[in-house]
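Open the model in a viewer and follow the stops below in order. Each stop says what to select and what is there.

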Amino acid sequence: MKIDYRSDTVTRPSTPMLDVMRYASVGDAVFGDDPSVLELESFAADMFGMDRGLFCPSGTMANQIAIKVHTKPGDQLICDQTAHVYFYEGGGAALHSGVTCRLLSGDGGRFQAAEVEAVINDPEDTHFPRTRVVSIENTCNKGGGTCWDFREIERIGAVCKSHDLSLHLDGARLFHALIETPESPADYGSLFDSISICLSKGLGAPMGSLLLGSEEFIHEASRARKAFGGGMRQAGYMAAAGLFALQNNTRRLTIDHEKARRLSEAFERSGLAGEVLPAVTNIVMFDFETPEALDAAKDRFAAADILVAAMGKKRLRLVTHLDITEEMIDRTIKIIEGMGDD
């Protein structure tokens with residue numbers, strides 16, 4: 001029995017999800033008449049209190065479309081140095097939109113409003129690119145699944161408004177944050193100009209992300225999606241899976257968080273040399289003292305048919321999700337405890 005902690009993207013559709021996919025009503029999404037796609041987009045937009053949604057093949061495409069719509073070539077994006085839009089999207093901001101990134105050194109992917117204000121360029125100074133958009137990631141992947149303080153996001157939003165900047169949320173794992181904090185989807189929808197949410201991270205859909213925004217924004221985003229090659233035909237089969245995920249798989253994320261905490265506690269008890277980051281949501285990270293120690297741990301997991309991922313030369317990442325059972329957690333904990341005995 002393989003246990004796959006590499007990411008929460010590795011899940012397989014459940015039998016009920018497969019059933020709704022099989023019997024989904026479909027049309028041609030490029031022509032705008034696929035009923036399942038329209039239902040998904042409308043459901044998500046209503047959930048966040050935003051005008052419209054746009055179904056995209058991937059989270060990377062949703063984020064890059066947002067950047068494209070919010071900017072012009074030569075403009076500047078502000079984000080954390082570990083942000084997915086900068087670190088893991090293949091240089092898409094430069095490739096697709098011709099923008100530069102002004103990087104902040106935040107705390108686990110989170111930064112403060114004062115830091116944003118300090119790096120906004122004077123729009124009248126021709127030596128510098130025009131600052132156009134600020135991007136926030138919640139939860140923060142490379143930060144170990146950390147959640148933002150919504151009050152700080154509100155302060156950043158106020159800075160953006162005062163400088164006429166757009167505010168984008170990379171909410172690939174936003175529902176994990178919503179489980180741990182008191183805010184609602186509508187709270188986020190009232191603050192951000194655009195939001196991307198992933199249906200295949202944690203929520204269990206086989207593919208797809210949604211981009212949410214105003215009527216005007218989504219009109220332009222649909223044009224960018226076409227240019228990016230993101231137009232899909234009978235996409236309703238996948239949209240039906242996404243709708244099922246939003247309606248059924250958000251509240252159960254607390255189960256994944258508890259499993260992550262159990263793994264984190266096992267690392268703390270193990271006596272392994274290094275440091276475990278607090279497991280706030282569904283991501284567990286352990287920093288070994290040397291790259292060799294990380295490689296040895298990966299080999300030990302692999303020998304037990306446990307798949308994990310490295311996040312750098314010394315950092316190990318395990319991500320819990322709906323395909324991870326209690327039995328798998330128990331088995332993994334025994335392996336972790338055994339490492340500490342070596």
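In which strand does leucine 212 lie? Select strand β8 (residues 209-213), which holds leucine 212; helices (H or I, at least four residues) and strands (E, at least two) are DSSP runs, numbered from the N terminus.

Before going on, note that this is a predicted model, in which local features need pLDDT of at least 70, side-chain atom pairs count only at pLDDT 80 or more, and totals for chains, interfaces and linings use all residues. Residues are numbered from 1 along each chain as its sequence is written, and side-chain values use heavy atoms, with hydrogens and water left out.

**Leucine 212**

Leucine 212 has 0% relative accessibility and therefore counts as buried (under 20% relative accessible area; exposed is over 50% and partly exposed in between, with a 1.4 Å probe and protein chains only). Beyond its neighbours within four places in sequence, leucine 212 is in contact with residues including Ala44, Phe48, Arg52, Asp193, Ile197 and Phe217, where contact means heavy atoms within 4.5 Å.

**Whole chain**

Zoom out to the protein chain, which has 14 helices and 13 strands. Its C-alpha trace spans about 60 × 55 × 35 Å along the principal axes. Of the 342 residues, 54% count as buried. Among contacts between residues at least 6 apart in sequence, 76% join residues at least 24 apart.

**Helices α2 and α11**

Select α2 (residues 35-48) and α11 (residues 236-248), whose axes are 8 Å apart at an angle of about 30 degrees. Axes here are lines fitted to C-alpha atoms, for helices over the stretch in contact, and angles run from 0 to 180 degrees between N-to-C directions. The angle makes α2 roughly parallel to α11 (under 35 degrees; over 145 is roughly antiparallel, 65 to 115 roughly perpendicular and the rest oblique). Show side chains at the contact: among them are Leu40, Phe43 and Met47 in α2, and Ala239, Leu243 and Leu246 in α11. By class, this contact has nine nonpolar, four polar and one charged residues. Ala, Val, Leu, Ile, Met, Phe, Trp, Tyr, Cys and Pro count as nonpolar, Asp, Glu, Lys and Arg as charged, and the others, Gly among them, as polar.

**Helix α1 against α11**

Residues including Pro16, Met17 and Val20 in α1 meet residues including Tyr237, Ala241 and Phe244 in α11. The contact of α1 with α11 has ten nonpolar, no polar and one charged residues.

**Backbone stops**

Most residues other than glycine have a negative phi, and most peptide bonds are trans. Select asparagine 138 and threonine 139, which are joined by a cis peptide bond with omega about 0 degrees. Threonine 139 is in the loop between β5 (131-137) and α7 (150-162).

Next, select aspartate 164, in the loop between α7 and β6 (166-171). Phi of aspartate 164 is positive, near 60 degrees, and the residue is exposed, with a relative accessible area of 68%.

Finish at aspartate 305, in the loop between α13 (291-303) and β11 (306-307). Phi of aspartate 305 is near 60 degrees, and at 32% relative accessibility aspartate 305 counts as partly exposed.
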